[in-house]
Amino acid sequence: IRSNPPGLQFTVDGTTYSSTTSFSWVTGSNHTLTTTSPQNGATGTRYVWASWSDSGAQTHTYSPAKNDTVTVNFGTQYFLTMNANPGGAVAPASAWQDSGHVVTITAIPGQLYTFTQWNGTGNGSTNSFNNPDVVTVNGPITETANFARKPVQVTVRSIPASTKFVVNGNTVQGITTFTIAYGQTITINAISPQPDSVLTPNVQFIWKSWSEGGPTYQQPTLFSDTTFTITYGKQYNLAVVAGANGSVQPASGYQDSGAVVQISGQGATGYHFLKWKGTGTVSYTGTTNPVNVTMNSPIFDTASFGLDTLTIVASTGANGTINPSGNVLVPYGSSQGFTMTPSPLYHISDLGVDGTSVPGTPSTYTFTNVTANHTIQA
């Protein structure tokens, strides 16, 4: 009685043997042959009963009829160890496999992971990037599936789409989509203010907000797919210009689209506001001051100013004249002279304000730098 391969255990009539053993038996006598299965071999190797050469069951009665050799045959199995590093699972589960069996192995990444490589040891193992792959079990095999976090998809876009922004140092218009490693940090930065991308004069955009909140410049570290939206507001140039001898408010500059802005003109001393003259579809032309304008496009408005006119009322008593007489309009800050002439029977009793008149002759009276209305009587 022997085993194939040699050295495995079998039992004859209750006694266990592990090497070839010979017996002398009476012809026709009955003997019990059996074996245990599986039987362990070297690490990761075992043997399972396959057959008896006399075609008996694993445990059976043998009756010799002649000199004979009976062999108990075993099949070899090797252990296939399946491991998964963090981020996924593997199939099939670790198990014993028949020698020479070709096994399909599959790595199953988790939702946020991707398979990277098999690391295998043992005869017939694989070290590949294929998934699934196969191994041929010619000995004990250990296969380990490796996983990595999936790349993070990043989308950055601007509203309106004609505006620009900076991602990782690169200027982008409208939208950009790219992938980065899990946990990588990016930089996003608004360009504010920025001119209209189609170079429309006197139109610009300013940063309003990021969808994630925060300031114009950010350095987020990303662990999942993310979309950043940057919102810009449109602005139009408000050019408010003062003509000579006056000032205007507010100072020229960009205003938010749709804003209602009050413009006003103020004359310098001795001058007064006259009118606004505007160019552009929503500019104002007229005499209202102050006046509100709505920033629906660039606005250009110029204020003009006029010189103030003062009134001097000149009149005389009896026995003389004054020239000019009545209501005399005098421009602010100018000079105006008046000549006073007595009748032949009368004369001016003083020398007159010019210090040169003599009694009985006309006297000249001059107002200079007139800054207020006056009344004069001679």
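Me: Which residues form one aromatic cluster?
Reply: The cluster is made of Phe10, Tyr17, Phe23, Trp25 and Tyr62. This is a predicted model: local features need pLDDT of at least 70, side-chain atom pairs count only at pLDDT 80 or more, and totals for chains, interfaces and linings use all residues. Residues are numbered from 1 along each chain as its sequence is written, and side-chain values use heavy atoms, with hydrogens and water left out.

Me: How many aromatic pairs does the rule give?
Reply: The count comes to 10 aromatic pairs. Rings of Phe, Tyr and Trp (its six-membered ring) pair if their centres lie within 6.5 Å; planes under 30 degrees apart count as stacked, over 60 as edge-to-face and the rest as tilted.

Me: Why is the pair of Trp25 and Tyr62 called tilted?
Reply: The ring centres of Trp25 and Tyr62 are 6.2 Å apart and the planes stand at 55°, so the pair is tilted. It links distant parts of the chain, 37 residues apart: Trp25 is in the loop between β3 (15-17) and β4 (31-34), and Tyr62 is in strand β7 (residues 60-62). Strands are DSSP runs (E, at least two residues), numbered from the N terminus.

Me: What makes Tyr62 buried?
Reply: Buried means under 20% relative accessible area, exposed over 50%, and partly exposed in between (1.4 Å probe, protein chains only). Tyr62 has 9%, so Tyr62 is buried. Trp25 has 24% and therefore counts as partly exposed.

Me: Which residues lie nearest the centre of the largest pocket?
Reply: They are Phe23, Trp25, Lys66, Asn67 and Asp68, out of 16 lining residues. By class, the lining has seven nonpolar, seven polar and two charged residues.

Me: How do you know that β16 and β17 pair?
Reply: Two strands pair if DSSP finds at least two bridges between them. Strand β16 (residues 164-167) and strand β17 (residues 170-173) have four bridges, in the antiparallel sense, and the two form a hairpin with two residues between them. Asn168 in the turn has a positive phi of about 50°. Val167 stands opposite Asn170 in β17 and opposite Ile188 in β19. With strand β19 (residues 188-190), β16 pairs in the antiparallel sense over three bridges.

Me: What is the strand order in the open sheet of three strands?
Reply: The order is β32-β30-β35, with mixed pairing. β32 (326-331) and β35 (374-377) each have a single partner strand, so one side of each is left without a neighbour in the sheet. Strand β30 (residues 309-315) and β32 pair in the antiparallel sense over six bridges; the bridge partner of Leu310 in β32 is Val330.

Methods:
On a 1 Å grid over the protein atoms alone, a cavity is a set of points where a 1.4 Å probe fits but cannot get out, and a pocket is an open set with protein on both sides within 12 Å along at least five of seven lines; lining residues have an atom within 4 Å of a point. Ala, Val, Leu, Ile, Met, Phe, Trp, Tyr, Cys and Pro count as nonpolar, Asp, Glu, Lys and Arg as charged, and the others, Gly among them, as polar.
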